[in-house]
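Let's take a walk through a protein model together.

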Amino acid sequence: MISRKITTNSELQTQAFAQEFASQVKSKETVYLFGDLGAGKTTFTKGFAKGLGISERIISPTFTVIREHQTPQKLTLYHIDLYRLETMHQIKEIGLFDLVKEDNSVCVVEWAEKLGEALTTPRWEIHFTHGENDTRDIEVKKIE
Ligand code: ADP
Ligand code: MG
């Protein structure tokens with residue numbers, strides 16, 4: 001298992017980290033984001049999308065649940081937010097378990113806590129913890 005920890009001190013640092021991290025992620029690997037409201041999950045996704053070459057604006061899919069973006073290499077980024085979903089039935093209904101298996105795609109999933117034991121592999125887990133002010137501790141794990 002790959003595992004590392006970093007601390008960022010600004011939104012821009014989190015984005016820069018995510019942008020660089022994106023180069024390690026392969027098609028059909030899922031990036032699960034854990035952490036409270038305001039921890040930096042959407043901010044991270046902005047940098048991640050930029051790292052994949054997406055120039056479209058990334059906005060939180062809190063209300064739409066899924067937003068889809070294409071990279072110049074024809075990879076699909078599914079940006080998913082489970083915040084408003086309450087049951088495993090609803091999570092299945094949005095097609096999460098199909099999307100994570102789709103060829104030529106990467107899913108980034110906010111509020112991955114909602115999946116409990118249902119987290120899929122291969123996956124990256126990114127855990128965000130609020131520090132003082134603009135500090136965020138970010139732990140990255142890869143699980144095959
Ligand atoms: P989430 O999606 O986890 O609810 P967001 O990314 O939407 O969180 O919001 C994070 C908020 O915290 C943004 O307003 C951002 O500007 C701010 N922020 C401050 N410091 C950081 C940091 N080090 N990393 C990420 N976001 C930060
Ligand atoms: Mg968010």
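How much space lies in the largest pocket? About 160 Å³. A pocket is found on a 1 Å grid over the protein atoms alone, as an open set of points where a 1.4 Å probe fits, with protein on both sides within 12 Å along at least five of seven lines. The volume is the space filled by probe spheres set on the points, which are joined across faces, edges and corners.

Before going further, note that this is a predicted model, in which local features need pLDDT of at least 70 and side-chain atom pairs count only at pLDDT 80 or more, while totals for chains, interfaces and linings use all residues. Residues are numbered from 1 along each chain as written, chains are lettered from A and ligands numbered from 1 in the order in which they are written, and side-chain values use heavy atoms, with hydrogens and water left out.

Back to the pocket. Its lining has 13 residues, and Leu37, Gly38, Lys41, Thr42 and Glu110 lie nearest the centre; a lining residue has an atom within 4 Å of a point. By class, four are nonpolar, six polar and three charged. Here Ala, Val, Leu, Ile, Met, Phe, Trp, Tyr, Cys and Pro count as nonpolar, Asp, Glu, Lys and Arg as charged, and the others, Gly among them, as polar. Helix α2 gives the most to this lining, with three residues. Helices (H or I, at least four residues) and strands (E, at least two) are DSSP runs, numbered from the N terminus.

Now find the magnesium ion, ligand 2. Its protein donors are Thr42 (OG1) and Glu110 (OE), lying 2.1 to 2.2 Å from it. Donors are N, O and S atoms within 2.8 Å of the metal (3.2 Å for Na, K and Ca), and water is not among the atoms, so sites may look incomplete. Thr42 sits in helix α2 and Glu110 in strand β5, so this pair ties together parts that are 68 residues apart in sequence. Thr42 and Glu110 are both buried, meaning under 20% relative accessible area; exposed is over 50%, and partly exposed is in between (1.4 Å probe, protein chains only).

What about the rest of α2? Eight of its eleven residues are buried, and they pack against α1, β2, β4, β5 and β6. Phe44 and Phe48 are among those buried residues, and they also turn up in the largest nonpolar core, which has 23 residues. Such a core is a set of buried Ala, Val, Leu, Ile, Met, Phe, Trp, Tyr and Cys residues joined through side-chain atoms within 4.5 Å. Elements including α1 (11-21), β2 (30-34) and β7 (136-143) each supply at least two residues of this core. Apart from it lies another core, of 17 residues, among them Tyr32 and Leu96.

Most residues other than glycine have a negative phi, and most peptide bonds are trans. Lys74 is exposed at 65% relative accessible area, and Asn133 is exposed at 68%. And where is the cis peptide bond? It joins Thr121 and Pro122, with omega about -5°.

Technical notes:
Contact = heavy atoms within 4.5 Å.
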